[in-house]
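Have a look at the picture first, then read on.

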Amino acid sequence: MFCGQSKNKVNKKQMNGKRKIKGTVVLMKKNILSITDVSASFLDRIYEILGKGISLQLISAVHLDPENGRAKLGKAAYLERWVSAVTPLTAGETTFNVTFEWDESIGVPGAFIIKNHHRSQFYLKTLTLEDVPAAAAHGTNRNIHFVCNSWVYPVYRYKYDRVFFANKTYLPGDTPEPLRKYREQELINLRGNGNGMLKEWDRVYDYAPYNDLGSPDKGREYARPCLGESKEFPYPRRGRTGRGTTKTDPSTESRLSLLSLDIYVPRDERFGHLKISDFLACALKSIVQVLLPELRAICDKTSNEFDSFEDVLRLYEGGLKLHNRTMKKLENHIPWEMLRELIIRLDGQLFLKFPLPEVIKEHKTAWRTDEEFAREMLAGINPLVIRRLETFPPNSKLDPVKYGNQHSTITREQVEKNMDGYNVDQGIKINRLFILDHHDTLMPYLRRINSTSTKTYATRTILFLKYDGTLKPLAIELSLPHPDGDCQGAVSQVYTPAEVGVEGSVWQLAKAYVAVNDSGHHQLISHWLHTHAVMEPFVIATNRQLSTIHPIYKLLHPHFRDTMNINALARQILINAGGLLESTVFPAKFSMEMSSFLYKNWVFTEQALPVDLLKRGMAVRDLESPHGLRLLIEDYPYAVDGLEIWAAIETWVDEYCSFYYTTDELVECDNELQSWWREIRSKGHGDKEDEPWWPEMKTIDNLIKTCSIIIWIGSALHAAVNFGQYHYAGYLPNRPTLSRRLMPQPGTPEYVELESDPDKAFLKTITPQLQTLLGIAVIELLSQQSTDEVYLGQRDTPGWTSEAEPLAAFQRFSERLLEVENKIMEKNRDKRFRNRTGPVEVPYTLLYPHTSDFSRTGGLTGRGIPNSVSV
């Protein structure tokens, strides 16, 4: 005990002409974050008593050591009172003091080395130095702040020193000479050497293709192609883990056990303690891999069917009864405390129950109306596909040599009868005809998809814009590959609206097939590919090529939070062979391969919202309109709110970048920035390296547009397609993910059933009971916001930079987003904008920023734009 005390004892008087600098360190101990790891705290105390504490050593930003030409180092100082400090029983921060010796040879500290001589790691948040001598003389605040936010493992885990920099921002060429080698070496450490299996304490960011989705050792049906590093299956890269290969296929990376969450991502990219707690609590509601045999047994008693819509509603109003035998099995796998989120007691009975989705909260059947069907293309969870119809009949871009005639068979007569007196040519001319077109996306895969238990169509839906601003569907085309071969073209049927009789039932089924197409496209493309997958290369490249004191690192880093972790978990349990996505979405085992096919069409610059709207013909350029665009559907909630958010992001990025880059030459001469951009194109999105549309990164404008797109994808775009999933798709009849049989034809038993019991025929066509349970559980998990969420316009660390102007620009950004919040709520109250609530009376809040919210409540809010793709 005396050894520990003597080390922490500080003489406050000046000695030998030296002065003291007081520092405050904020950290979180491992035992607090790991709750059950009591031994970690005990061992750390023992190490502390033995004199093996946590040391910090200041690095001068202004003076070199004449003996070695490197930065002058201060004397090591130790955290004080580790043994006696009171640590919170629940997860929380602990503050320690540290006292440094200072003299003129140090001058102004610009970084520090920390060495953890304990047995356990800790999470280092900040260090603040108070009243630093000579700071004012060098134009620096006398209080110097270091933002760390990093796990620090024991020294024996590293082959290098852990270094953290002060919160002053530097372009590479402006870095003080004493700090340059530390800046360069830190990036070398983060890149790694490309070899070996990575461990949790490794801080390596590296690339790998998606060769870890299959499990060929389990059998051929679990083999999946490698996505990425090929022309046939191009794909963004994911983070490398370094695991070995499978026995059966040396090109496939081996997988961890199914329920393992220990897949490698750099430790600082892992969920925080609150996020992992929220994630696990919600994930346990789906415990699907453990529940699967029992759920199947339950469902088999009713032939895996819902007999009526009332049966579906019981999932939310009463739940499914689980027998005691089932509960005993569950308890053998999972502690009861962890099951309480899944199971509730009603009159002594146990049930599986889900929250009531918003889409059926006010009206149980409004989702079936044509108006709501069309409205969700503008204000639902996939408002990114609808486009203006420019030619009639709609044509196909598929290769006619390979796929034959794939043009639409919809006729003028079929659509003009519901066009309020207009003909097709007039409708196109005055911009009142629109189309939801999934035909070309699905047709190349449809024959293989329909060889499984799935039976579905490639769909086209034509819609008419009414004078009240709403859309009404005019016709739905359902297409199949020709039975004599793909080169023979498509076989199509066209259906038009009907409300009564068997025709009305047929129309409801036609809309269901469209919803199945749209659900698959939403989950695989709009959500997974266009946000999660495409963002990961930017996360990796930023950490490999941009120093933490680089201005673009500081700009983008909040928008990368948790992305690598959630993507790793997705590869583990969601998008893997036999995983939840293949089990619940209609492309089944072809899901990821199909997303690779559509990645060929991905263009980085088209992810900018204004460019996307122009490309889809949903807007035209108009300098007199807000944002320089005029929407052709004025009441297009996603676009209206999105343009406000986009403009706020772009203005913020412009002001920020223009502060650090005053000339185009500074952009072009920034070696870190150029390496970053080159690596994104050549490695992260290497299969698209030679595309002509990549910005050249030679001007400030190039930089602003690039960073605006990255922030938009990570924040607003992801929020728009993710957090409304449970509200709209939690009730699966509204957004079915599977169809199991084709449209009933007259003269068949299925058609007779459709006439006599249309609801039962509808439910027997779409997602069955078991997949519904799995799908709802997954959707609920994906729609949750964490209690530690940081929203657009917020920062989790106030002192993220020391420069006043960027801080002021960020404050203006936050204030503008608060104005956007008010505008959204006003529009939602305005009855003129019918698409903002629709027949289901669900206000559009998916792009409500939530910048004003610091409550950290989380849950199924259906609003808020988190900074990053984090779920």
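On helix α26, the face pointing away from the buried side carries the exposed residues Pro 749 and Ser 756. Keep in mind that this is a predicted model.

Buried in α26 are Tyr 751, Glu 753 and Leu 754. Looking down the axis of α26, you'd see its buried residues fall within an arc of 160°, so they line one face of the helix. In general, an α-helix has 3.6 residues a turn, so residues three or four places apart point the same way.

What covers those buried residues of α26? The cover includes α15 (501–545) and α27.

Let's stay with α27 for a moment. Helices α26 (residues 749–756) and α27 (residues 758–765) pack with their axes 5 Å apart, at an angle of about 130°. That angle is why α26 counts as oblique to α27. Here is who makes the contact on each side:

| Helix | Residues in the contact |
|---|---|
| α26 | Glu 753, Leu 754, Glu 755 and Ser 756 |
| α27 | Pro 758, Lys 760, Ala 761 and Lys 764 |

Sorted by class, the contact of α26 with α27 has four charged, three nonpolar and one polar residue. Glu 753 and Leu 754 take part in this contact, and both are among the buried residues of α26. Ser 756 is in the contact as well, though it is one of the exposed residues on the other face.

One more helix to meet is α28, which runs over residues 769–783. Its 15 residues reach 21 Å from the first C-alpha to the last, close to the 21 Å expected at 1.5 Å a residue. Helix α28 is mostly covered, with 15 of its 15 residues buried.

Notes:
Residues are numbered from 1 along each chain as its sequence is written. This is a predicted model: local features need pLDDT of at least 70, side-chain atom pairs count only at pLDDT 80 or more; totals for chains, interfaces and linings use all residues. Side-chain values use heavy atoms; hydrogens and water are left out. Axes are lines fitted to C-alpha atoms, for helices over the stretch in contact, and angles run from 0 to 180 degrees between N-to-C directions. Helices (H or I, at least four residues) and strands (E, at least two) are DSSP runs, numbered from the N terminus. Angles under 35 degrees count as roughly parallel, over 145 as roughly antiparallel, 65 to 115 as roughly perpendicular and the rest as oblique. Contact means heavy atoms within 4.5 Å. Ala, Val, Leu, Ile, Met, Phe, Trp, Tyr, Cys and Pro count as nonpolar, Asp, Glu, Lys and Arg as charged, and the others, Gly among them, as polar. Buried means under 20% relative accessible area, exposed over 50%, partly exposed in between (1.4 Å probe, protein chains only). The arc is that of the directions from the helix axis to the C-beta atoms. The expected span of a helix is 1.5 Å times one less than its number of residues.
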